[in-house]
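User: Hello! I am new to this structure and would like to learn how to read it. Could you guide me through its features?

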Amino acid sequence: MKILICGGAGYVGSHMVRYVLDNGHDVVVYDNLSTGHRGSVPQGVPLVHGDIGDAGKLARVFAEHRFDAVMHFCARSLVGESVTDPYAYYENNVGNTISLLEAMRHASVDRIVFSSTAAVFGHPVSDTIDETHPTVPINPYGQSKLMIEQVLADAAKAYGLRSVALRYFNAAGASSCGSIGEAHDPETHLIPNVLKAVLGQGKGLKVFGTDYDTRDGTCVRDYVHVSDLASAHMLAIDYMARNEGAFTFNLGNGEGFSVREVIAAAEKVTGRPVPHEFAERRAGDPATLVASSQQARDELGWQPAMARMEDILASAWNWHLQPRF
Ligand SMILES: NC(=O)c1ccc[n+]([C@@H]2O[C@H](COP(=O)([O-])OP(=O)(O)OC[C@H]3O[C@@H](n4cnc5c(N)ncnc54)[C@H](O)[C@@H]3O)[C@@H](O)[C@H]2O)c1
Ligand SMILES: O=c1ccn([C@@H]2O[C@H](COP(=O)(O)OP(=O)(O)O[C@H]3O[C@H](CO)[C@H](O)[C@H](O)[C@H]3O)[C@@H](O)[C@H]2O)c(=O)[nH]1
């Protein structure tokens, strides 16, 4: 197969590129490098430096290659920024995604895997979140992703588009070879900030909130390894070959870790203390987000291989010791 990976220079996308290549398929990366890195795209993989909002450039790429499917990782994805600058989020995550979908339609490419998020659910009403959980996003980021899930459902009916929206919980970890990892600037995610604190990098780790209704007062999240997210995308491509329509799956390991537990596990894995201080709650953080991924296991045949927190942290630590870009 030949797959167009939009956002393939970013964190999750660059792990996807390697996974697709390792499985013997061809890849073209399309990325505007707004948050991605040229250096994270492997040598020899075509990288088109372009924006998915640029209909002309997209049309040329679709005319030049015959793609079997698209994987779409492009987004703005900072929850706080989405609250202060919602236009930018709706423009990129909704408007530009529709431009990509239009380009696919014109080129008769009818399969897409879309990066959705646990942020579509808002405040959970059950201990674990499955696909039947209500979707009531509490910020424009989550809302923008939910809007595209709706667009994909409508496009299935109107144009016969096949799609799988994968709602990742908290993506984490790095490639086993240590060549790529999580390199956002600014970095807002917990695990990289914990490991930077170990290394004395960054502004110092702050634990946002200690008065949540959780076992130790800090927020609980379900961390899922990037390579397991990648395997789910390949399974989603297989799934679309067998099934017509628009589908959504939740991707997590079904186990929650509090911020304090992540810090403790990082101290164990690195053998070093994690300097940190306690701070006010961060706006827009639900207390607990834990997935039920039974549907992904049953229907996609998904089996996470790096589900243990120690393994996730060890892979991230390996990269943080020698970040390449
Ligand atoms: N990281 C997580 O924990 C997480 C969790 C849930 C969902 N997601 C979603 O997964 C996807 C990937 O996340 P990530 O952490 O790898 O983000 P990232 O910022 O590292 O990667 C996004 C990539 O898309 C590119 N991009 C953005 N807008 C573009 C545009 N208009 N045209 C072309 N390229 C564009 C960026 O340059 C970057 O390379 C996003 O859609 C995000 O919302 C991430
Ligand atoms: O320096 C930090 C960073 C994070 N946290 C806490 O650690 C937990 C995890 O925070 P992350 O920023 O790592 O991830 P989020 O849970 O905020 O993830 C949200 O944003 C992601 C995209 O950035 C995904 O879309 C995801 O689905 C969505 O829930 C939160 O309780 C947060 O308050 C800290 O205490 N200190």
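User: Which residues come nearest to ligand 2?

Analyst: Let me start with the ground rules. This is a predicted model, where local features need pLDDT of at least 70, side-chain atom pairs count only at pLDDT 80 or more, and totals for chains, interfaces and linings use all residues. Residues are numbered from 1 along each chain as its sequence is written, while chains are lettered from A and ligands numbered from 1 in the order in which they are written. A residue is near a molecule if its C-beta atom, placed from the backbone, lies within 6 Å of it. Around ligand 2 there are 22 residues, and Thr117, His189, Leu190, Phe208 and Cys219 come nearest. Helix H6 (190–198) and strand E8 (205–208) are the elements that each give two or more residues to this shell, and E8 has the largest share, with four. Helices (H or I, at least four residues) and strands (E, at least two) are DSSP runs, numbered from the N terminus.

User: How does the shell around ligand 2 divide into nonpolar, polar and charged residues?

Analyst: Ala, Val, Leu, Ile, Met, Phe, Trp, Tyr, Cys and Pro count as nonpolar, Asp, Glu, Lys and Arg as charged, and the others, Gly among them, as polar. Here the shell has twelve nonpolar, six polar and four charged residues.

User: Is helix H6 largely enclosed or open, and why?

Analyst: A residue is buried if 20 or more other C-beta atoms lie within 10 Å of its own, exposed if 12 or fewer, and partly exposed in between, with C-beta atoms placed from the backbone. Eight of the nine residues of H6 are buried, so this helix is largely enclosed by the rest of the structure. Among the buried ones are Leu190, Pro192 and Val194. They pack against several elements, including E8, helix H8 (259–270) and helix H10 (309–320). After H6 comes Gly200, with a positive phi near 70°.

User: Which residues touch the most other members of the largest nonpolar core?

Analyst: A nonpolar core is a set of buried Ala, Val, Leu, Ile, Met, Phe, Trp, Tyr and Cys residues joined through C-beta atoms within 7 Å. The largest one holds 100 residues, and Val194, Ala236 and Leu251 touch the most other members. Helix H7 (residues 226–242) gives the largest share, ten residues. Leaving aside neighbours within four places in sequence, Val194 is in contact with Leu205, Val262, Ile263, Ala266 and Val274.

Methods:
Two residues are in contact if their C-beta atoms, placed from the backbone, lie within 7 Å.
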